[in-house]
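Trainee: I have a model open and would like to learn how to read it. Can we go through the features one by one?

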Amino acid sequence: MNSFREKVFEVVKKIPQGKTLSYKEVAIKAGNSKAARAVGAILRTNFDLKIPCHRVIKSDGTTGGYNRGVKQKLKLLKKEKAV
DNA sequence: CATTTGACGCCAA
DNA sequence: TTTGGCGCCAAAT
C-alpha cells in the first residue's frame with residue numbers, strides 16, 4: 001500500500017463473497033472517510049479481475065456503476081448475495 | 001502545473 | 001420524496 005489506491009484494492013479484494021461494502025466504507029477502511037468519490041474513480045480506472053468491484057455499492061443501496069456494465073454488476077450481486 | 005470531471009456522501013429546502 | 005448545493009479525492013485533459 002504505497003498509495004491510497006493500493007489500500008482501496010486491498011480492501012475491495014478482502015470483501016467476502018455474498019457481502020457488499022459502500023464506497024464510503026471502502027474509503028474509511030482505506031484510511032480516508034471522505035474519499036468515497038476517489039474510490040469510484042480508482043476502481044473505474046483500474047481493470048483488475050482480482051478486484052470484486054461489483055461488491056462495492058453506494059451507501060443508498062444502489063449499485064452505482066461498473067466497468068463490465070451495470071447489468072452484469074446487478075446479476076453478480078444477485079447471485080452472490082442470494083447464496 | 002491548473003482545471004475539469006466523476007462508479008460518492010451528506011445536509012438543507 | 002425529490003432536487004440542489006457543498007465537500008473530498010484521484011485520474012484525465
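Trainee: Which element gives the largest share of the surface near DNA strand C?

Mentor: First, the ground rules. This is a predicted model: local features need pLDDT of at least 70, side-chain atom pairs count only at pLDDT 80 or more, and totals for chains, interfaces and linings use all residues. Residues are numbered from 1 along each chain as its sequence is written, chains are lettered from A and ligands numbered from 1 in the order in which they are written, and side-chain values use heavy atoms, with hydrogens and water left out.

Mentor: Now the terms. A residue is near a strand if one of its heavy atoms lies within 4 Å of it. Helices (H or I, at least four residues) and strands (E, at least two) are DSSP runs, numbered from the N terminus. Here α3 gives the largest share of the surface near DNA strand C, with 4 residues.

Trainee: Which residues surround DNA strand C?

Mentor: They are Phe4, Arg5, Lys34, Ala35, Arg37, Ala38, Ile42 and Thr45. By class, that surface has 4 nonpolar, 1 polar and 3 charged residues. The classes work like this: Ala, Val, Leu, Ile, Met, Phe, Trp, Tyr, Cys and Pro count as nonpolar, Asp, Glu, Lys and Arg as charged, and the others, Gly among them, as polar.

Trainee: How many residues surround DNA strand B?

Mentor: There are 16, and the closest are Lys24, Arg37, Leu43, Arg44 and Lys58. Among the atoms of DNA strand B within 4 Å of the protein, 48% belong to sugar or phosphate and the rest to bases. The residues divide into 6 nonpolar, 4 polar and 6 charged.

Trainee: At what angle do α2 and α3 cross?

Mentor: Axes are lines fitted to C-alpha atoms, for helices over the stretch in contact, and angles run from 0 to 180 degrees between N-to-C directions. Angles under 35 degrees count as roughly parallel, over 145 as roughly antiparallel, 65 to 115 as roughly perpendicular and the rest as oblique. The α2 and α3 axes come within 8 Å and cross at roughly 95°. These two helices are therefore roughly perpendicular to each other. Contact means heavy atoms within 4.5 Å. Tyr23, Lys24, Val26 and Ala27 of α2 meet Ala36, Val39, Gly40 and Leu43 of α3.

Trainee: How do α1 and α3 pack?

Mentor: Helix α1 (residues 4-13) packs on α3 at about 80°, with the axes 10 Å apart. That makes α1 roughly perpendicular to α3. Phe4, Arg5, Val8, Phe9 and Val12 of α1 touch Ala38, Val39, Ile42 and Leu43 of α3. The residues of this contact divide into 8 nonpolar, no polar and 1 charged.

Trainee: Is His54 buried or exposed?

Mentor: Buried means under 20% relative accessible area, exposed over 50%, partly exposed in between (1.4 Å probe, protein chains only). His54 has 8%, so His54 is buried. Its place is the loop between α3 (36-45) and β2 (56-57). The His54 side chain makes a polar contact of 3.2 Å with the side chain of Glu80.

Trainee: And is Arg68 buried or exposed?

Mentor: Arg68 is exposed, at 59%. Arg68 sits in the loop between β2 and α4 (70-82).

Terms used. A polar contact is a pair of N or O atoms within 3.5 Å; within protein, one must be able to donate a hydrogen and the other to accept it, and residues adjacent in sequence count only if both atoms are side-chain atoms.
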